[in-house]
Amino acid sequence: SKPVKPVSPEPAPARPARTLTHPDRSYWPDAGVTKQDLADYYAAIWPRMAPFITDRALALLRCPNGIAGPRFFQKNLWKGAGGHLVPLQDPEGEAGTPLIGLHDRDGLIDLVQAAALEIHPWGASVQAWSQPDMIVMDLDPGDGVPWSMVIEAAREIRARLERSGLASFVKTTGGKGLHVVAPLKPGADWAVVKAFTRSMAQAMVSDSPQRYVATITKSRRQGRILVDYLRNQRGATAVAPYSPRARPGAPVAMPLAWNELGPDIGPAHFTIGTIGARLAVADPWAEIRDAARPLR
Ligand code: ATP
Ligand code: MN
Ligand code: MN
């Protein structure tokens, strides 16, 4: 039998309390959301958000003076980052430039301290860097596209994924569109997953050229939806479920049940300010991990 560890008579040294500098700093001035409010939001959302942001590389949109000030998209861990942010090394990435990871709620509070107003994870976890554990189909409506058409596009993607044996889940982005997420059992590598999503996007364009485009060319987007499959390549990111957005109103990307899609819930419907009521209803993505299937 294992030797019993002696129990220390001293209590474990307490971690220094997580203190925010400048808790009253305004991050979303138009919505009256401060740095402290963001910390409170992250603390409340942690149990739901954790599975999507732990053990995977994160890119951050940092806005040191809030949404009205300068912003930068950060992919690598920096000197002086909070002690609960951990360096991650992509085995196929550049050595010596660690990516950003976190394991616990304190890591999220370090992100608040770093003015990370948006969190954008990779589509693969550190257990299998080369084998994504989700597909993200990003629907980007061009000017003049009605919301109902974005919803129809999401439903079409859901049906196409289903025909390939994949379950899918939908979220608002907090911006202008929707993301359809299909959980994968890791196995297929990035090239296979990207090719699969590209052929789905191209099939949608060839079936409905008046509705969809699959390339970024701006001029073609008027009245159409860009089916952006390029979230599905190594190193690409998509905004995390429950991440706030650095946009007016403090909107958040929100997981929905499919039957919630409709005119009443627009892409930026949910905000940091309204999260309490949302957390009171059942998690619409509760089954997402169990629903993962391999891409065949
Ligand atoms: P929307 O609904 O408004 O489209 P979105 O999150 O889907 O919201 P997109 O512009 O479609 O926004 O997606 C861009 C994606 O590219 C983001 O989700 C993010 O992960 C990534 N990204 C954003 N900014 C940068 C950047 N400066 N450099 C690299 N990648 C970025
Ligand atoms: Mn988008
Ligand atoms: Mn996009």
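Two strands pair if DSSP finds at least two bridges between them. Strands (E, at least two residues) and helices (H or I, at least four) are DSSP runs, numbered from the N terminus.

**Ground rules.** I am working with a predicted model: local features need pLDDT of at least 70, side-chain atom pairs count only at pLDDT 80 or more, and totals for chains, interfaces and linings use all residues. Residues are numbered from 1 along each chain as its sequence is written, and chains are lettered from A and ligands numbered from 1 in the order in which they are written.

**The sheet.** I looked up an open sheet of 6 strands with mixed pairing. I noted its order as β11-β12-β8-β10-β9-β13. β11 (212-213) and β13 (255-256) stand at the edges. Each has a single partner strand, so one side of each lacks a neighbour in the sheet.

Next I checked β9 (residues 169-172) and β10 (residues 178-183). They run antiparallel, joined by 4 bridges. T172 stands opposite L178 in β10.

**C63.** I found C63 in the loop between β3 (58-62) and β4 (72-74). (Buried means 20 or more, exposed 12 or fewer, partly exposed in between; C-beta atoms are placed from the backbone.) Its C-alpha atom is 8.0 Å from that of Y27, 36 residues apart along the chain.

**Ligand 1.** I listed 13 residues around ligand 1; F73, T173, G175, G177 and T237 come nearest. (A residue is near if its C-beta atom, placed from the backbone, lies within 6 Å.)
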